[in-house]
Amino acid sequence: MAQIELRQVEKKFGESFAVKPLDLTIQNGEFIVLLGPSGCGKTTTLRMISGLEAVTTGTILLDGRDVTWAHPSDRDIAFVFQFFALYSHMTARENIAFPLQAQRVPRAEISAKVAEVARMLRIEHILDSKPGSLSGGDQQRVALARALVRRPAAFLMDEPLGALDAEFREGMRAEIKQLHIRQEATTVYVTHDQIEAMAMGDRIVIMSKAQVQQVGTPHQVYHDPANLFVARFIGSPGMNLLNARYSDGKAILPGGSAVTVPGAYRAALDHALNDSDGAVIVGFRPEALRVNVTDGECSGVVYADDLHGGYSMLHLELADDVIIHGRMSRDTAHPIGETMVFDIDPAMMRFFHPKTELAIHINGGAA
Amino acid sequence: MAAANQSPRYYVNYSTRVDKVGLRPQINTAVRATVAVIVTVIMLIPVIWMGMTAFKNRPDAVSVPPKVFFEPTLEGFVFLLTDRRQLTAAEDEQLSARNDLSYFEQVALERGQSIIGQSAFPSQLINSLIISGVSTFFSVAFGVLAAYAFSRFNIPGKDDLLFFILSQRMLPAVVVTIPIFLMYREVGLHDTHLGMILLYTAFNLSFSVWLLKGFIDEIPREYEEAALVDGYTRLQAFRKVVLPQAVTGIAATTVFALIFSWNEYAFALMLTSDVARTAPPSIPIRLGTGGIEWAAIAAGSLLFLIPVVIVTFALRKHLLRGVTFGAIRKG
Amino acid sequence: MSDIRLENITKRFGDHAALHEVSLQVKDREFFVLLGPTGAGKTTTLRVIAGLEKQDHGHVYFDGQMIDSFQPADRDVAFVFQQYSLYPNLSVYDNLAFPLRSPLRRTPEPTIKERVTAAAEILRISHLLDRKTARLSGGEMQRVSIGRAIVRKPRAFLMDEPLSNLDAKLRESLRVELKHIQKTQGSTSIFVTHDQIEALTMADRIAVLDDGVILQMGTPFDIYDRPATMFVATLVGTPRINLLNAHRHNGHLRIEKSPLEMPVPGDQMPERVTIGVRPEDVRVDSEGSFTGSVALIEPLGVETILHIQSGDQLLLSVIPGTSPIRLNEQVRFDFARDRLHYFDTNGRRL
């Protein structure tokens, strides 16, 4: 298994950056997710690691070996594509055996290995079917088997669940993660779905506009987003972000309500905001919104209230076009137009600089 | 979503593959441009040659080896547009003495001929314009309606009908000329504009229905259905929503239909004589007295080329997209 | 605005019945959602209501009046399509004005302007009015499509998966906006979707369709808390409901392929049942009567999904926030016994 290291890797198409210089070390056995909206450079990054795309500048190391200019087949990596890339004229078995045949592995060994991965992925019963007759989930299992059979040093997966129906997706997500836990193979996984990234990644690399926004564990990117983009992108809905004005330990929210800024943040805010005239962005996750508190500091008008199954989501309008979302128990319904008093869990309150859009940290002022 | 579950696709649109990095893109572009220019020149040689011949005099046109540099003259055009008679020696002398001759008369005189009237070519060119213009209009107009119907409605026996329509194109035109000639003579359509327009329209229709159906299939139904629930009738929705979006297809079809009817030779030769004769069968028989007037034939061909070139040029924007988009994929 | 009733609607395409005896009633000002998988007949139902498709049997009533013979234009409904229905050669303003300029309505231009401006205001697209629609983003296009429906003040809004081509964030915010607009405008709306979360969050009532048949009709709470069939139970809720095959054994219900057992609730229970447990009702609890080991942890931030293995049964459990539980840890857990669902061998709720 392998450690993958990217040093100042960048990719330009003509004058525009597809990937801005990027440093990243992927540890042996790690499951790392490249996450971002379409066109953010995540797939290009993956393809550069695989060698399907040439870097413009920078170095790629595989276990310390410089593979920047090595041919894809010399990198000992396996690639799983979104559209399966199975050969439709071959059976599942032939598809899985294909990479081994390229390496001139003896026949007996091939069939033993194919049987082994087929058992692992529970696809023994479909080995003699052609891909065209298989469901999306099974096709992706065959594609995974084809990647696994070679026992490569690393797996690169480009939105492998993107083409599957929603009903298969959750199950396959768990299957791929289980497989990783059993194999402990270094895996780089590309997706635009933040739920997938949170559920699967040991660490998540969040990219936007060709640039890495944050690298961190699911817990870090959820609770301590590095900037507004990450705060918005992670979570469904994303973090509530309000343009506020800070003074004297209070943040005045749109609509006039004032929330008390947790003591630990005050010094950092005083320091960070002296160039912004007190303007600050207050962020908090939907589960930090507490309603029906007797001494709530803020108020808003119910914009909508909807059931999500196990919980419900309350949407409050603080001012024209400023709506916040709160995760509630499903016991009480709130009619549209009702005024609600609410409060924000101080432990979950976060602050961002309005100009740099970066998070303001308790200890270090502006990031 | 449905597409994802169908047969898998190959994923091979590598933009800059490592194994291709060695080839520098600039060289690549230069090579491509050179090849394109060479191919274009080769393709254009006959046209250029024709253009040159049109401006040659008789000896230059037939000289061996062919002349690339020559003194241009309008002799070919004069011979194309006029009927002439050979002068006797006395008449020649008499005419040569006069100095009030027009340019045309002078050119004719140099060859010892005098002009006795306008040739039939201008009126044949006009016939061509009328017949191919009107037939193209009708074949596209009917074609777009039929194609729309085939594309949108559940017509009983739709596939058979479409095949039947296409089968119209399977016979070579020459095979049916004799029966059509006999029929036309019987009903009085022989050598009439109407006869030719009907014939070309019928012939082009099958082609235009198929081509246009491909284009209309690509226009999402939702557009019209939105208009239908918004309070428009089917015909209004067709006119306001479908037609503007089918412009590309209509342009491509128009050009193809026009080129067919404009260039058509076999029917025109058999079914027309004086009144409705079109240009194609008349150009090759520009025989002068005592030999073929190559310059006149070339001049006729050149004039004949111009209208199609203009139309194609005017519609080129749609055409390029149309040819690569609808025709090849669906048509 | 009006109330819409379908009576025994059957629609065939060839020998395939797309709809079979579908009857439903949508009340005035109601937000009614047709939920079902691809090919369930949801869109066909909507198209029959709009008159774009003619039913083979049954009748459609608007406000008690049978309108089977009405053309789409005469039904006075607005249709929002999944995609494509904006005219790329017209500006946003002209797209919004298009239905008002129809020969049926012939609205005078000042009135058109008034209505278009008002609709643009509601949908926050006033700044886009002069733009050509080809240059709009997906979210903006769909707002304009909805705007084109609003300007007409139709008897009903029919929406066919209008959000499904948008990205997740946009879908979330438009969902909320759409619901707000519907409630504040009080427009009768029928909304087709295959996305259970859209159905749960927006609907006043949901009809679950499969294979051209209505399986269940009710409020989001009815559908989620009392699914009529196993199919409905799996269709709504993420992560999916745990379905456990069980049989009676010595006065207990024994869950197959696992050591899990529980007392038989009630005395009507047949020999074999399938127990449905929503993941949020599988509660990790040190006092719990079951044990299992954690096979997979999915930390989603707001909640964590635990895959608990007990014997050969895998159970999903959702717990709020972040969990200190480690992979392969043995945990005790229990079901919220009052929230279990029981289905017979035919998948029908007991």
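# Notebook: chains B, C and A of a predicted model

I began with chain B, where buried residues make up 35% of the 331 residues, a residue being buried if 20 or more other C-beta atoms, placed from the backbone, lie within 10 Å of its own. I noted that this is a predicted model, in which local features need pLDDT of at least 70, side-chain atom pairs count only at pLDDT 80 or more, and totals for chains, interfaces and linings use all residues. Residues are numbered from 1 along each chain as its sequence is written, and chains are lettered from A and ligands numbered from 1 in the order in which they are written.

**Chain B.** I counted 17 helices and 4 strands in chain B, where helices (H or I, at least four residues) and strands (E, at least two) are DSSP runs numbered from the N terminus. Of the contacts in chain B with a separation of 6 or more, 78% are accounted for by residues 24 or more positions apart; two residues are in contact if their C-beta atoms, placed from the backbone, lie within 7 Å.

I then followed helix H16 (residues 294-314) of chain B, whose 21 residues reach 30 Å from the first C-alpha to the last, close to the 30 Å expected at 1.5 Å a residue (the expected span is 1.5 Å times one less than the number of residues). H16(B) bends by about 25° at B:Ile306, and the proline B:Pro307 follows within four residues; the bend is the angle between axes fitted to the seven residues ending at a position and the seven starting there. Among the buried residues of H16(B) I found B:Ala295, B:Gly300 and B:Phe304.

**Chain C.** I looked up chain C next and found 9 helices and 20 strands, with C-alpha atoms filling a box of roughly 75 × 45 × 35 Å along the principal axes. Of its 350 residues, 46% count as buried.

Why is strand S7 of chain C largely enclosed by the rest of the structure? I found that 5 of the 5 residues of S7(C) (residues 156-160) are buried, so the strand is largely enclosed. In a regular strand the side chains alternate between the two faces of the sheet. In S7(C) both faces are covered, with C:Ala156, C:Leu158 and C:Asp160 buried on one side and C:Phe157 and C:Met159 buried on the other.

S7(C) pairs with strand S6 (residues 77-80) of chain C in the parallel sense over 4 bridges, pairing requiring that DSSP finds at least two bridges between the strands. Strand S8 (residues 189-193) of chain C also runs parallel to S7(C), joined to it by 4 bridges. With helix H6 (residues 168-185) of chain C, S7(C) and S8(C) make a right-handed β-α-β unit, meaning that, with the strands pointing away from the viewer, the path from the first strand over the helix to the second runs clockwise.

**Chain A.** In chain A I traced an open sheet of 4 strands in the order S2-S1-S4-S5, with antiparallel pairing. Strands S2 (16-26) and S5 (65-66) stand at its edges, each with a single partner strand, so one side of each is left without a neighbour in the sheet. Strand S1 (residues 4-13) and strand S4 (residues 57-62) of chain A pair over 5 bridges in the antiparallel sense, and A:Ile4 stands opposite A:Leu62 in S4(A).

Notes. Buried ≥ 20, exposed ≤ 12 C-beta atoms within 10 Å, placed from the backbone.
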